[in-house]
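Here is a short note to read beside the model. Please keep the sequence and the 3D view open.

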Amino acid sequence: MAHKQAAMAVDVPLPRHAGKPAPDVEALLAQMTLAEKIGQMTQIDRSALHGSDGGEIKDFFIGSVLSGADSLPKPNVPETWVAMVDRFQDHALSTRLGIPLIYGIDAVHGNGGVKGATLFPHEIGLGCTRSPELVEAVCRVTAQEVAAVGIDWTFAPCLAVPRDERWGRTYEGFGETPELAVTLGAAAIRGYQQAPGGAAILATAKHYLADGGTSGGKDRGDAAITEDELRRIHLPGYEAAIKAGVGSVMVSFSSWNGHPMHGHRHLITTVLKGELAFAGFTVTDWAAIDLMSPDYKKDIEVAINAGIDMVMVPTQYREFITYLKELVNEGQVPMARIDDAVRRILKQKVRFGLWERPFTDRTLTPTIGSAAHRAVARDAVRKSLVLLKNDGAALPLRKEARVHVCGFRADDMGVQCGGWSVGWRGRRGDITTGGTTIRQAIAEVVGAGRIDFSKDATGAERSDAVVVVVGEDPYAEGSGDRAELFLTTEDRMLVAAAKRSGKPVIVVLLTGRPLVLGEVLDEATALIAAWLPGTEGGGIADILYGIAKPTGKLSCSWPRDMTQVPINVGDASYDPLFAYGFGLTYP
């Protein structure tokens, strides 16, 4: 693979320190100074470290580093990651007490920060599988590919229950019902945290609480809902996550009835840590406490006293450390609250063997993007696709048929993977060195000589069938919030051009949520919701050609038009285009 060739020039020195037995947490806590304790509560982004050395980790006793989704080393190959993470760990182990660093990353559908990694369907697609076993397998593979670059913590799974399709993070949730968050969220946690062979990593249940219930689907917005709805719809996934042993919970940017979640003592301390008996640690989202008020020091006081244990600073760590020290010395934050936070963090570091195995297991590194891992992803793609229409048994296609594949999205890995794919928002184009696009996958099944390709359906009339790939461009978080959920004019014109060929039109939709289909539904002979499938387009070809039968069932209701948005199963007036749980198959 290309990333292995590039890696040959990367120097990967062996770490200087060796592993050692884990300490008694209480004995260790008793030895720590206030500066060392606050260091454990501080998470900084690698971009905030001056230069590539990371000596500030030692200077400030930093307990955690993360790579934000655009904070990627160069060259972006596994060996660069290994060298970087192990170098940072060396600094942590050089401190007086030698407390290991825990490194976090948004590996939300595979280790999406690393080129060459296996990328899986986003959670909305996995929700359509209804298979805890498959989700657990996907997350075991992800854990191995994360551990393979020395990282031991993923900010996943997302347990949001998206209730408004306009939300830009809709694809990050398993679906619109709490049942999916309960069954599949717990499975994901088991996959991450129980991965065999030294590959287990810390999972994160996020974003606590009700991030999927904000008014108008606004990212970082306000969930103006009753406590009954909060508990009935949005809390069950966290109850299940805690029973599954999740070690960390990330608090949401959003608010509940005007009260920012990061300062919500009742929900964080009373409900999460008390009522639900969560024994792990809480972490903020990216620079999230800064948004609570214009007074940063007051924000720190409110958040820590509300029950926040670790703060994703992620860049202004000097100010955070200074202010939190002042707050403790002024009596505004009790030392007992500091000790509780640090104790929770240290217990998870002990649990995941960071003292015994502080550095990358380099025997795992060559498994990144392996054939075995891609086979799991291909199976996940097959089982996540939902066949919405199939007039005249247009599918499956015959292998001997001549097929015209059209639309640039059919041959665009970036569009196929969506957000959180070698960059925060993702992008069009060749983002990764592995996997197959839809066009490539069809050619692999039937041979390149049996397919034609165009971006605009030119020549489609000479085929036996036309496969048209349309959908959304990549996005993440608030950049994906949309007031209207229509296909682009370009995509609608493409389907209309394919229809004019007079041949059966098979529409494959790459999207992070249901879109208003309009005339496209009428023009399509067959329609597949392929979601954001990741790197393994072969799973789509498998369904198109009947190598596997479609089994996916909608994890969300599909609106007829924008007047029905938001729409969810159980609504008083429920008349969707396709109901929650809908999905056709082949005879």
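1. Strand β3 (residues 102-105) runs parallel to β4, and 2 bridges join them. Gly104 has Trp153 of β4 as its bridge partner. Strands here are DSSP E runs of at least two residues, and helices are H or I runs of at least four, numbered from the N terminus. Two strands pair if DSSP finds at least two bridges between them.

2. On the basis of the model: it is predicted, local features need pLDDT of at least 70, side-chain atom pairs need 80 or more, and totals for chains, interfaces and linings use all residues. Residues are numbered from 1 along each chain as its sequence is written, and side-chain values use heavy atoms, without hydrogens and water.

3. Helix α5 (residues 78-93) has 16 residues and should span 22 Å at 1.5 Å a residue; its end C-alpha atoms are 22 Å apart, which agrees. The expected span is 1.5 Å times one less than the number of residues. Of the 16 residues of α5, 14 are buried, so the helix is largely enclosed by the rest of the structure. Buried means under 20% relative accessible area, with a 1.4 Å probe and protein chains only; exposed is over 50%, and partly exposed lies in between.
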